Amino acid sequence: MKTDSYGCADETYHKILVKEKNKDGKGIKNGYIWVFLAVNLGLVYFFYCRGSRGSDVFFEFIRGFKGAFQSDGYRTYKSAGKWFLRLACFQHVKRKFLDCGDDFDCKVIVRLINHIYHLDHKHRIGQNGWTEAKHRKWRKDMCKPIMKIIRKKLDRMAADKTILPKTEKYDAVHYMLGEWDALMNIFKRGDYHLDNNDIERLNRYISLSRRNSLFFGSHKGPNGEPCSILSCARADSTA
């Protein structure tokens, strides 16, 4: 999987029974399951190490990978961006602006992001003679100017002293500014996705299990080991 030039990373959780009691007096904690998708190979890899969400778990896995990887703005992934070409996710950015409700400025940002999607989806690489190189040029000519408009609006909002810290609007603006370079990296190729939705769809298998069962009995899980591969399968399968 590490030979792929394009990967996506994410993590989700499941309830785990443990001996230690939490603040509510229950022996239950969130155990985090990591997932890595090799986009070009179509392979997905789930891994787990005692439920840890620590950076060391992900860094140990990604060692030897040399491609670009896409993720949300979790600090572990942002740290890994020091050594790899990291791509951000437009959907994570857009959700934060949608959370701002009817705020005019935020609605404008959402519309501009939606317009980027509209333009980007006009062509599909591999169909009607459309190539990665053509799509890269299309993105440069059509999408990058919109990003310049968005950046001007973000800078204006960031300088607005009436937008207070710890508000949804403040968080949305500064989250996107913090992800800016990784968002712009998406336009370096024509085949990089605008978002991390493929891997989020794969995480729904964990989410369904979380809704349909109360917890896992221990960290060991089905493989009998506290640090283990949970599954490695085709990304388009239900394995």
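Trainee: Which residues in α3 meet which residues in α6?

Mentor: From α3 there are His 92, Val 93, Lys 96 and Phe 97, and they meet Asp 171, Ala 172, Val 173, Tyr 175 and Met 176 of α6. Contact here means heavy atoms within 4.5 Å. Helices (H or I, at least four residues) and strands (E, at least two) are DSSP runs, numbered from the N terminus.

Trainee: What should I know about the source of the model and its values?

Mentor: This is a predicted model, in which local features need pLDDT of at least 70 and side-chain atom pairs count only at pLDDT 80 or more, while totals for chains, interfaces and linings use all residues. Residues are numbered from 1 along each chain as its sequence is written, and side-chain values use heavy atoms, with hydrogens and water left out.

Trainee: Back to the helices. At what angle do α3 and α6 pack?

Mentor: The angle is about 160°, and the axes of α3 and α6 (residues 168-178) are 8 Å apart. Axes are lines fitted to C-alpha atoms, for helices over the stretch in contact, and angles run from 0 to 180 degrees between N-to-C directions.

Trainee: Are they roughly parallel or roughly antiparallel?

Mentor: The angle makes α3 roughly antiparallel to α6. Angles under 35 degrees count as roughly parallel, over 145 as roughly antiparallel, 65 to 115 as roughly perpendicular and the rest as oblique.

Trainee: What classes of residue make up that contact?

Mentor: The contact of α3 with α6 has six nonpolar, one polar and two charged residues. Ala, Val, Leu, Ile, Met, Phe, Trp, Tyr, Cys and Pro count as nonpolar, Asp, Glu, Lys and Arg as charged, and the others, Gly among them, as polar.

Trainee: And how do α3 and α4 pack?

Mentor: Helix α3 (residues 90-98) and helix α4 (residues 104-120) pack at about 155°, with axes 9 Å apart. That makes α3 roughly antiparallel to α4. On the α3 side, the contact is made by Phe 90, Gln 91, Val 93, Lys 94, Phe 97 and Leu 98; on the α4 side, by Cys 106, Ile 109, Val 110, Ile 113, Asn 114, Ile 116 and Tyr 117. These residues divide into ten nonpolar, two polar and one charged.

Trainee: Which residues of α3 are buried?

Mentor: Phe 90, Gln 91, His 92, Val 93, Lys 94 and Phe 97 are buried in α3. Buried means under 20% relative accessible area, exposed over 50%, and partly exposed in between (1.4 Å probe, protein chains only). The buried residues of α3 pack against α4, α5, α6, α7 (180-185) and α8.

Trainee: How do α4 and α5 cross?

Mentor: Their axes come within 10 Å and cross at roughly 175°. That makes α4 roughly antiparallel to α5. The contact of α4 with α5 divides into 15 nonpolar, two polar and five charged residues.

Trainee: New topic: how many aromatic pairs does the structure hold?

Mentor: The structure holds 19 aromatic pairs. Rings of Phe, Tyr and Trp (its six-membered ring) pair if their centres lie within 6.5 Å; planes under 30 degrees apart count as stacked, over 60 as edge-to-face and the rest as tilted. Trp 34 and Phe 47 form a stacked pair, 6.3 Å centre to centre with 15° between the planes. Trp 34 lies in strand β2 (residues 28-38) and Phe 47 in strand β3 (residues 43-49), so the pair ties together parts that are 13 residues apart in sequence.

Trainee: Are Trp 34 and Phe 47 buried or exposed?

Mentor: Trp 34 is buried at a relative accessible area of 0%, and Phe 47 is buried at 6%.

Trainee: Lastly, where does Lys 166 lie?

Mentor: Lys 166 lies in the loop between α5 and α6. It has a positive phi of about 70° although it is not a glycine. Lys 166 is exposed, with a relative accessible area of 82%.
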